[in-house]
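Welcome, and thanks for taking a look.

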Amino acid sequence: MVYKYFFAWFGMMVLAILNGGVRDFIYTEHVGELVAHQISTVILIFLIAIYLWFLTRFWPIKSAKLAWIIGFMWFIMTELFEFGMGRFLLNKSWDTLFQTYNLFTGQLWILIPFWVLLVPYIIYRFVQRNISAS
C-alpha cells in the first residue's frame, strides 16, 4: 500500500505546479508576490486534502501507523524536492530557500510540508470516526 502512496505524491506535485502557475499568471500582479504566495498556500492545502480524500476512496488507509508512514514519506519527499529543485536546479541560495519558511515575514510555505505530514492521519481519523458513527 505504501508504494501506491509513494507514487501518489507525484500527483500532489502536479497540483502544486498547476496551483503555482495559476498564482503566477493570474493573480500575483493583482495582489502582490507575498499575498499571492499566501493565497496559493491555502489553496494548495485544500487541494491536497481533496486529493487525498479522493485517493482514500480507492486505497483506504488501514491504520494510524500507515497514515503516519505515508505522512513522513510525503514530508521527506516534499523537502527533498523543494531543496533539491531550489538549490540545484534553480540555483537559489540556502538563505533564499530558508526564507520561504519564515512565518515572521508572512511566508506560509512551511505549512505545506507539515500539512503533507499530518493530512494522511487527519483523514484516516476522520474516516474512522465516520465508520464508527455509522
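Predicted model: local features only at pLDDT ≥ 70, side-chain atom pairs only at ≥ 80, totals over all residues.

Along the principal axes, its C-alpha atoms fill a box of roughly 45 × 30 × 25 Å.

**α1 with α3**

- The crossing in which α1 passes α3 is right-handed.
- On the α1 side, the contact is made by V2, Y5, F6, A8, W9, F10, M12 and M13.
- On the α3 side, you will find L66, I69, I70, M73, W74, M77, T78 and F81.
- By class, this contact of α1 with α3 holds 15 nonpolar residues and 1 polar residue, with no charged residues.

**α3 with α5**

- The axes of α3 and α5 come within 8 Å and cross at roughly 165°.
- An angle over 145 degrees counts as roughly antiparallel, and α3 and α5 are therefore roughly antiparallel to each other.
- Here too there is a right-handed crossing, with α3 passing α5.
- From α3, the residues that meet α5 are A64, A67, W68, I70, G71, F72, W74, F75, T78 and E79.
- Their counterparts in α5 are P113, F114, V116, L117, L118, V119, P120, Y121 and Y124.
- The contact of α3 with α5 divides into 16 nonpolar, 2 polar and 1 charged residues.

**α2 with α5**

- The axes of α2 and α5 come within 10 Å, crossing at roughly 35°.
- α2 passes α5 in a right-handed crossing.
- Helix α2 brings T41, L44, I45, I48, A49, L52, W53, T56 and R57 to the contact.
- Helix α5 brings L111, I112, W115, V116, V119, P120, I123, F126 and V127.
- Sorted by class, the contact of α2 with α5 has 15 nonpolar, 2 polar and 1 charged residues.

**The largest pocket**

- About 810 Å³ of space lies in the largest pocket.
- The pocket is lined by 31 residues, and the closest to its centre are R23, H37, E82, K92 and W109.
- Which helices supply at least two residues each of the lining? They are α1, α2 (33–58), α3, α4 (94–99) and α5 (111–133).
- The largest share of the lining comes from α1, with 9 residues.
- In terms of class, the lining of the largest pocket divides into 15 nonpolar, 11 polar and 5 charged residues.

**Points to look for in the viewer**

- V116, V119 and P120 of α5 are among the residues that meet α3, and V116, V119 and P120 are also part of the contact of α5 with α2.
- On α3, I70, W74 and T78 belong to the contact with α1, and I70, W74 and T78 are also among the residues that meet α5.

Methods
Residues numbered from 1 in each chain as written. Heavy atoms only, no water. Left-handed = near helix turned anticlockwise from the far one by under 90°. Helix = DSSP H or I, 4+ residues; strand = E, 2+ residues; numbered from the N terminus. Contact = heavy atoms within 4.5 Å. Nonpolar A, V, L, I, M, F, W, Y, C, P; charged D, E, K, R; others polar. 1 Å grid on protein atoms, 1.4 Å probe; cavity = no way out; pocket = protein on both sides within 12 Å on 5 of 7 lines; lining within 4 Å. Points joined across faces, edges and corners; volume = space filled by probe spheres on them. Axes fitted to C-alpha atoms, helices over the stretch in contact; angles between N-to-C directions. Parallel < 35°, antiparallel > 145°, perpendicular 65-115°, else oblique.
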